[in-house]
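Biologist: Please take a close look at one part of this predicted model, the sheet and the helices around it. I would like the geometry together with the cut-offs behind each term.

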Amino acid sequence: MPVSHTDKMMLAIDLAKEAELLDEVPIGAVLVHEGKIIGKGYNLREKTGKTTAHAEIQALEDYNHQTQEWRLPIGTSLYVTAEPCLMCTGALIWARLDSLFYGAFDSKNASLRTFLPMIEKGLFDHRFKEVEGGILGDVCSSLLSNYFKKKRH
């Protein structure tokens, strides 16, 4: 795996750890364009009381707030510590994200990988140019499983 993927995923992991400090599910996301971070976020559902306050949405909103633009620049990548859900996948399509890199796979299969075949067939007016999962997957999965173990005890 290229060093740049690892470095960018580590930034997302740091954001996930910030979420955990707030007793949020530890998921972090970083939008990158031409090597620069243009948006970042982590889960804030508990703090905000918003259903949509997922890390990916927070990163998109960070970018939107800074630029007043809904469309991401061509060549933008997202690094997120967990496979995006259906809602976040849809938002990333509508924002015209080019590349999507994630860490932990969704074991419930109600997320990106379920809908990727439809996306690739052209059901929507945008397709991701590149999708890769499992980047630092063990680290990302451990963050999630350790968080939920603590919550159960």
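Modeller: Strand E3 (residues 77–82) and strand E4 (residues 99–104) run in the parallel sense and are paired over five bridges; two strands pair if DSSP finds at least two bridges between them. Tyr79 has Phe101 in E4 as its bridge partner. Helices (H or I, at least four residues) and strands (E, at least two) are DSSP runs, numbered from the N terminus. Helix H6 (residues 137–152) packs on the sheet and touches E3 and E4, where contact means heavy atoms within 4.5 Å. The direction of H6 makes about 60 degrees with that of E4; axes are lines fitted to C-alpha atoms, for helices over the stretch in contact, and angles run from 0 to 180 degrees between N-to-C directions.

The open sheet has five strands in the order E2-E1-E3-E4-E5, with mixed pairing. Its edge strands, E2 (36–42) and E5 (130–132), each pair on one side only. From one strand to the next, the twist averages 15 degrees.

Helix H3 (residues 55–67) packs against helix H4 (residues 86–94) at an angle of about 25 degrees, with the axes 9 Å apart. H3 and H4 are therefore roughly parallel to each other (angles under 35 degrees count as such). Glu56, Ile57 and Leu60 of H3 meet Met87, Cys88, Ala91 and Leu92 of H4.

Residues are numbered from 1 along each chain as its sequence is written. In this predicted model local features need pLDDT of at least 70, side-chain atom pairs count only at pLDDT 80 or more, and totals for chains, interfaces and linings use all residues, while side-chain values use heavy atoms, with hydrogens and water left out.

Notes
Angles under 35 degrees count as roughly parallel, over 145 as roughly antiparallel, 65 to 115 as roughly perpendicular and the rest as oblique.
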